[in-house]
Amino acid sequence: MKKILIVWSFVAVFLICGLTYIGLHIKKQNEPYQKLEKELEKQAMSLIGEKPIYGENNSKITIEDFKNNNYEIELKTKNDNCLDGYVLIEKSMGFLKYTGYIKCKNYTTHGYKN
């Protein structure tokens with residue numbers, strides 16, 4: 001009985017350590033992409049500060065909208081070039097919520113739609 005308890009304890013510790021390692025590895029791998037999404041959101045806030053018409057109702061600011069308003073958006077990370085991106089703006093109780101979405105060769109934001 002004692003041997004079974006030791007074996008199961010070892011298996012439990014191994015699983016916990018393994019899953020923690022995998023989670024931290026994935027988080028580290030996705031960090032540059034999440035920074036890029038946040039940068040898009042900051043640029044969208046700036047654009048709406050200049051041209052509030054983009055923030056009316058629930059709207060979408062595309063990369064083309066940024067370029068048409070002289071905003072330089074570089075969709076690149078160290079190891080990947082991104083193909084497309086946009087920011088969704090939603091009004092909720094008088095506040096604007098910005099959510100950035102990008103599509104890259106090796107990463108796509110969850111919920112990204114063409």
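Biologist: Which residues make the nonpolar surface patch of about 790 Å²?
Modeller: In this predicted model, that patch is made by Ile4, Val7, Trp8, Phe10, Val11, Phe14 and Leu15. A nonpolar patch joins side chains of Val, Leu, Ile, Met, Phe, Trp or Tyr within 5 Å, from residues with over 30% relative accessible area and no salt bridge.

Biologist: And where does Val7 lie?
Modeller: Val7 lies in helix H1, which covers residues 2-50; helices are DSSP runs of at least four residues (H or I), and strands (E) are runs of at least two.

Biologist: New topic: which residues are on the covered face of strand E1?
Modeller: In E1 (residues 59-62), Ser59 and Ile61 are on the covered face, while Lys60 and Thr62 are on the uncovered one. In a regular strand the side chains alternate between the two faces of the sheet.

Biologist: In what sense does E1 pair with E2?
Modeller: E1 pairs with E2 (residues 82-92) in the antiparallel sense over four bridges, where pairing needs at least two DSSP bridges, and Ser59 has Ile89 in E2 as its bridge partner.

Biologist: How many disulfides are there?
Modeller: The whole structure has one disulfide, between Cys82 and Cys104 with an S to S distance of 1.9 Å, where the cut-off for the two sulfur atoms is within 2.5 Å. Cys82 is in strand E2 and Cys104 in strand E3 (residues 95-104), 22 residues apart.

Biologist: Are those two cysteines buried or exposed?
Modeller: Both Cys82 and Cys104 are buried, with buried meaning under 20% relative accessible area (1.4 Å probe, protein chains only), exposed over 50% and partly exposed in between.

Biologist: What should I know about the numbering and the cut-offs on confidence?
Modeller: Residues are numbered from 1 along each chain as its sequence is written, and side-chain values use heavy atoms, leaving out hydrogens and water. Local features need pLDDT of at least 70 and side-chain atom pairs count only at pLDDT 80 or more, whereas totals for chains, interfaces and linings use all residues.

Notes
Patches are made of residues with over 30% relative accessible area and no salt bridge: like charges are joined within 9 Å, nonpolar side chains (Val, Leu, Ile, Met, Phe, Trp, Tyr) within 5 Å. Accessible areas come from the Shrake-Rupley method with a 1.4 Å probe; for residues, only the protein chains shown count as cover. A salt bridge is a side-chain nitrogen of Lys or Arg within 4 Å of a carboxyl oxygen of Asp or Glu.
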